[in-house]
Amino acid sequence: MNIILLGPPGAGKGTQASQLVETRGMIQLSTGDMLRAAVKAGTAVGLKAKAVMDAGELVSDEIVSGIIGEALDALPLTTGVIFDGYPRTAAQAHALDDILSTRGRTLDFVIELEVDEAQLIERIVGRYTCAKCGAGYHDTFKKPRVAGVCDVCGSTEFKRRPDDNAETVRTRMAEYRAKTAPILPIYEARGLVRRVDGMADIAHVSAAIDAILGAMG
Ligand code: AP5
Ligand code: MG
Ligand code: ZN
């Protein structure tokens, strides 16, 4: 099973993808996470991407489609994939069709997380992750069970993303509206789009997604 999670910054793509990794053994391919890893490692891709990401704009289609293709090549065909934050433009949507078909994969669902943008700023500025294992948290909505200690790995070090400030978030949302939301009709025409209320609490969103995927057996 291969699915796309689509929604603006802070919609909960990463949160829901990591749930699916746990419950279904799928693999999460987040272009944002992969680009942040490239920036941290100081690779050629990372050097190109850093300023663009810090400004909240989109990295080039060639770069992101390239890293998605490489990531898929490293996976067995039987492993289900969750595309998180990719595709984000019409060019990427068409590239993904080629990337999947040349590897014998098909797309099963495009799950759109429907959200109220005005409320997403609070989600984004409150977000942080474990510096060691990357587990995601929120100041209000998803605190660690023991304050200051990662539930997953026990680390006490956390970090925040440089693009998680109110100004950059506005640019990221504008990019979503201008370039990403317009790709939905491509998938609507194929009958692949399912909508989920992304403003429900995290467990309810997970249950709604599970109900959609459950039909896949
Ligand atoms: P990326 O990393 O993909 O960022 P994004 O799309 O802006 O999305 P976020 O990761 O901010 O949000 P999310 O939907 O994952 O929300 P989360 O689950 O964390 O991309 C970053 C940058 O990389 C881009 O701006 C671009 O420059 C570049 N890039 C990446 N992919 C690219 C591509 N394909 N093409 C070109 N450029 C690309 O949730 C947010 C917070 O809310 C968390 O704290 C969470 O705990 C909390 N939360 C989640 N769900 C709920 C809920 N239901 N109720 C309450 N709180 C919730
Ligand atoms: Mg994310
Ligand atoms: Zn951790």
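## Helices α6 and α7

Let's start with a pair of helices: α6 and α7 cross in a right-handed way. Keep in mind as you look around that this is a predicted model. Helix α6 covers residues 117-125 and helix α7 covers residues 166-180. The angle between them is about 130°, and their axes are 11 Å apart. Angles over 145 degrees would count as roughly antiparallel and 65 to 115 as roughly perpendicular, so α6 and α7 are oblique to each other.

Which residues make this contact? On the α6 side they are Glu117, Leu120, Ile121, Ile124 and Val125. Helix α7 brings Ala166, Val169, Arg172, Met173 and Arg177.

## Helices α1 and α9

Here is another packed pair to find in the model. Helix α1 spans residues 13-24, and helix α9 spans residues 202-214. They pack at an angle of about 55°, and 10 Å separates their axes. The two helices, α1 and α9, are therefore oblique to each other, and their crossing is right-handed.

From α1, the residues taking part are Thr15, Gln16, Gln19, Leu20 and Arg24. They meet Ile202, Val205, Ser206, Ile209, Asp210, Leu213 and Gly214 of α9. The residues of this contact of α1 with α9 divide into five nonpolar, five polar and two charged.

## Around ligand 1

Now turn to the ligand. There are 35 residues around ligand 1, and those that come nearest are Thr15, Glu57, Arg88, Arg127 and Arg172.

In the side chain of Arg88, an N or O atom is 2.5 Å from an oxygen atom of ligand 1. The side chain of Gln92 has an N or O atom 2.9 Å from a nitrogen atom of the ligand. Val59 takes part through its backbone, where an N or O atom lies 3.0 Å from a nitrogen atom of ligand 1.

## A cis peptide bond

Most peptide bonds are trans. What kind of peptide bond joins Tyr86 and Pro87? The bond is cis, with omega about -5°. To find the spot, look for Pro87 in the loop between β3 (81-84) and α5 (90-102).

Definitions and conventions
Residues are numbered from 1 along each chain as its sequence is written. Chains are lettered from A and ligands numbered from 1 in the order in which they are written. This is a predicted model: local features need pLDDT of at least 70, side-chain atom pairs count only at pLDDT 80 or more; totals for chains, interfaces and linings use all residues. Side-chain values use heavy atoms; hydrogens and water are left out. Axes are lines fitted to C-alpha atoms, for helices over the stretch in contact, and angles run from 0 to 180 degrees between N-to-C directions. Helices (H or I, at least four residues) and strands (E, at least two) are DSSP runs, numbered from the N terminus. Angles under 35 degrees count as roughly parallel, over 145 as roughly antiparallel, 65 to 115 as roughly perpendicular and the rest as oblique. A crossing is left-handed if the near helix is turned anticlockwise from the far one by less than a right angle, and right-handed if clockwise. Contact means heavy atoms within 4.5 Å. Ala, Val, Leu, Ile, Met, Phe, Trp, Tyr, Cys and Pro count as nonpolar, Asp, Glu, Lys and Arg as charged, and the others, Gly among them, as polar. A residue is near a molecule or strand if one of its heavy atoms lies within 4 Å of it. A polar contact is a pair of N or O atoms within 3.5 Å; within protein, one must be able to donate a hydrogen and the other to accept it, and residues adjacent in sequence count only if both atoms are side-chain atoms.
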